[in-house]
Amino acid sequence: GTGSTTFSPDAGTTRSMLVTILYRMAGTPETEAATPFTDVASGRYFTDAVAWAYEAGIAEGVSGTTFAPNAPVTREQLVTFLYRYAQRKGLKTDAAGSLDQYPDAGSIGNFAVEPMTWAVTNGIVDGLDGKLAPKAASTRAQIATVIMRFETADLA
């Protein structure tokens, strides 16, 4: 939550918040090395999470030296990080299916086409008003919904 009694469902979710969620889902494993990101200071709540996500190949930076921890996580980044997390856990990540039913499918970044196809095919993500909105920021409620769908999807 955002406090001891609040969740703030409509608040935005940052890239560092998402990797922290995945890091905690993984059991907060030890990390071997620091990241190459100059914008991830030591001692922050997300420092180890970013290091783990980078080390595990789950999250990359927005450049070779920056992670943009406070930038809003987009829907295409969300499904890409989750897809890579699923791969790391040995879950099913085949992406058979089509995104043709979404008018904005062509605006998905090349890095996220397969993860978005996987997420849609497995019922982890569906559209927003008939669109995928891949560049849209994700709220805390949306992230919670996607994580719940991921946890209950048949990916074994």
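Mentor: Buried means under 20% relative accessible area, exposed over 50%, and partly exposed in between (1.4 Å probe, protein chains only). The model is predicted: local features need pLDDT of at least 70, side-chain atom pairs 80 or more, and totals for chains, interfaces and linings use all residues. Residues are numbered from 1 along each chain as its sequence is written, and side-chain values use heavy atoms, without hydrogens or water.

Trainee: Is tryptophan 118 buried or exposed?

Mentor: Tryptophan 118 sits in helix α4, residues 113–121 (helices are DSSP runs of H or I, at least four residues, numbered from the N terminus). Its relative accessible area is 0%, so tryptophan 118 counts as buried.

Trainee: What kind of pair do the rings of tyrosine 83 and tryptophan 118 form?

Mentor: Rings of Phe, Tyr and Trp (its six-membered ring) pair if their centres lie within 6.5 Å; planes under 30 degrees apart are stacked, over 60 edge-to-face, the rest tilted. Here the centres are 5.4 Å apart and the planes stand at 70°, so the pair is edge-to-face.

Trainee: How many residues apart are tyrosine 83 and tryptophan 118?

Mentor: Tyrosine 83 is buried, with a relative accessible area of 6%. Tyrosine 83 belongs to helix α3 and tryptophan 118 to helix α4, so the link joins distant parts of the chain. Their separation is 35 residues.

Trainee: What angle lies between the planes of phenylalanine 37 and phenylalanine 67?

Mentor: Both phenylalanine 37 and phenylalanine 67 are buried. Phenylalanine 37 lies in the loop between α1 and α2 and phenylalanine 67 in the loop between α2 and α3, so the pair ties together parts 30 residues apart in sequence. The pair is tilted, with centres 5.4 Å apart and an angle between the planes of 45°.

Trainee: How many residues apart are arginine 149 and aspartate 126?

Mentor: Their side chains meet in a salt bridge, 3.6 Å from N to O. Arginine 149 is partly exposed at 25%, and aspartate 126 is partly exposed at 40%. Arginine 149 lies in helix α5 and aspartate 126 in the loop between α4 and α5, so the pair ties together parts whose separation in sequence is 23 residues.

Methods: Helix = DSSP H or I, 4+ residues; strand = E, 2+ residues; numbered from the N terminus. Salt bridge = Lys/Arg side-chain N within 4 Å of Asp/Glu carboxyl O.
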